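Hi,

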Amino acid sequence: MDVTIFSTKAYDRRFLDEANVAAGEPHRLRYLEARLTHESAPLTQGAQAVCAFVNDVLDRPVLEVLAASGTRMVALRSAGFNNVDLPAAAELGIAVGCVPAYSPDAVAEHTVALILALNRKTHRAYARVREGNFALEGLLGFDLKGRTVGIIGTGKIGRAVARILAGFGCRVLAYDPMPSVELAGFGAEAVGLDRLLAEADIVSLHCPLTPDTHHMIDRAALARMKRGVMLINTGRGALVDTAALIEGLKSGVIGDLGLDVYEEEGGLFFEDLSNQIIRDDVFSRLLTFPNVIVTGHQAFFTAEALAAIAATTIENLSCFEKQGVPRHPVSVERLA
């Protein structure tokens, strides 16, 4: 098939080309650096399939343009699909495929890296030493051993985080509407959300973004947490109410905050904006706190993960071409 691929960088082209070659070069891949929006949608130029990333826009107006130009499939290079209007896609006859699992260890390990960096103030120590400041004041951390970590969402990533932190000697509490039976093997305890929020020293988010989980960490949720809690979000930006986080940081309810995702990241992440003024005042305020670390949606970014994403993307395209259904379809029912 002819496939137009949006939001591409050099690494996307490398891994997708390699996966396409490994599959016998079944598809003609056309790469665009632009994000998929209503303005850029006409650039598909009649491609039978479009490949999109997490910050591409796939609402009804965009999908209507794609359908009119002959697009019959959207291949997402992500597990999440909250950026797609699935009912509109179904009405327009556009199949949607995703990458349900690529490298849960990549995201899990980045999550733990944020925990360790915040706890031991690695980001601040690094800057100090480069300036010749070797004082230890302000760098006091705590032993992870014996601390209580609450994991919200026990899919593959959440379970990987539980396994790693259990190895540190942490007490692991986990919440999920459908808890994994594997948790017990890591010594993790499945509990209700209220108990998790009340008892956890560290709370880490690993659930999908749905209407039920949108802003699940808001002012009310923060009020139920321990004062000085460490909060980590490597899931989806809109799982948290950013304005509430800023209030929590100012009041001391949040002692440390690690974010790899941001609700309004679409105009920021994956781009070099170092020579520009960041106009998002909420995001800029986050960066003023010394106990906050923000990374630019890089938790997934390992060679193993990119290779798996590319291979599954090509598999989705090939399966749709042969059978009319992606290997890993996303349907309206997934929203239920």
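**The chain as a whole**

Please keep in mind that this is a predicted model. The secondary structure comes to 11 helices and 12 strands. For 336 residues, a compact globule would have a radius of gyration near 20 Å, and the chain agrees with that at 21 Å. Along the principal axes, the C-alpha atoms fill a box of roughly 60 × 50 × 35 Å.

Buried residues account for 49% of the 336 residues. If you take the contacts between residues at least 6 apart in sequence, 68% of them join residues at least 24 apart.

In soluble globular proteins, nonpolar side chains tend to be buried together. Here the largest nonpolar core has 32 residues, and those with the most contacts inside it are Ile152, Val203, Ile217, Leu245 and Leu257. Two or more residues each come from helices H7 (193-199), H8 (219-223), H9 (242-251) and H10 (281-286), and from strands S9 (202-205), S10 (229-233) and S11 (254-259). H9 gives the most to this core, with four residues.

Leaving out residues up to four places away in sequence, Ile217 touches Ile152, Leu197, Leu205, Leu222, Met225, Leu231, Leu239, Val240, Asp241 and Leu245. Apart from this core lies another, of 25 residues, which includes Ile5, Met73, Phe300 and Leu306.

What does H9 pack against? Its buried residues meet H8, S10, S11, H10 and strand S12 (292-294). The buried residues in H9 are Thr242, Ala244, Leu245, Ile246, Gly248 and Leu249. At the start of H9, a side-chain oxygen of Asp241 comes to within 3.1 Å of the backbone nitrogen of Ala243. After H9 comes Gly252, with a positive phi near 90°.

Helix H11 (residues 303-323) has 21 residues, and from its first C-alpha to its last it reaches 30 Å, close to the 30 Å expected at 1.5 Å a residue. The buried residues of H11 are Ala305, Leu306, Ile309, Ala310, Thr312, Thr313, Ile314, Asn316, Leu317, Ser318, Cys319 and Phe320. Just after H11, Gly324 has a positive phi of about 80°.

**Buried residues in loops**

Leu36 sits in the loop between strand S2 (28-31) and strand S3 (49-52). Is Leu36 buried or exposed? Its relative accessible area is 0%, so Leu36 is buried. Not counting residues up to four places away in sequence, Leu36 touches Phe6, Ser7, Ala41, Val50, Asp56, Val57, Leu58, Val62 and Leu66. If you want a distance to check, Leu36 and Ile309 are 19 Å apart in space, C-alpha to C-alpha, and 273 residues apart in sequence.

Ser7, one of the residues that Leu36 touches, lies in the loop between strand S1 (2-5) and helix H1 (10-22). Ser7 is not a glycine, yet it has a positive phi of about 55°. With a relative accessibility of 13%, Ser7 counts as buried.

Lys121 is in the loop between helix H4 (104-119) and helix H5 (122-130). Its phi is positive, about 55°, although Lys121 is not a glycine. At 14% relative accessibility, Lys121 counts as buried, the cut-off being under 20%.

Finally, Ser180 is in the loop between strand S7 (171-175) and strand S8 (189-190). Ser180 is buried, with a relative accessible area of 16%. A polar atom of the Ser180 side chain lies 3.1 Å from the backbone nitrogen of Glu182. Aside from neighbours within four places in sequence, Ser180 is in contact with Thr154 and Arg159.

Best wishes

Note on methods:
Residues numbered from 1 in each chain as written. Predicted model: local features only at pLDDT ≥ 70, side-chain atom pairs only at ≥ 80, totals over all residues. Heavy atoms only, no water. Core = buried A, V, L, I, M, F, W, Y, C linked by side-chain atoms within 4.5 Å. Buried < 20%, exposed > 50% of the residue type's maximum accessible area, 1.4 Å probe, protein only. Contact = heavy atoms within 4.5 Å. Expected span 1.5 Å × (residues − 1). Polar contact = N/O pair within 3.5 Å; in protein donor to acceptor, adjacent residues only side chain to side chain. Rg over C-alpha atoms; globule rule 2.2 N^0.38 Å.
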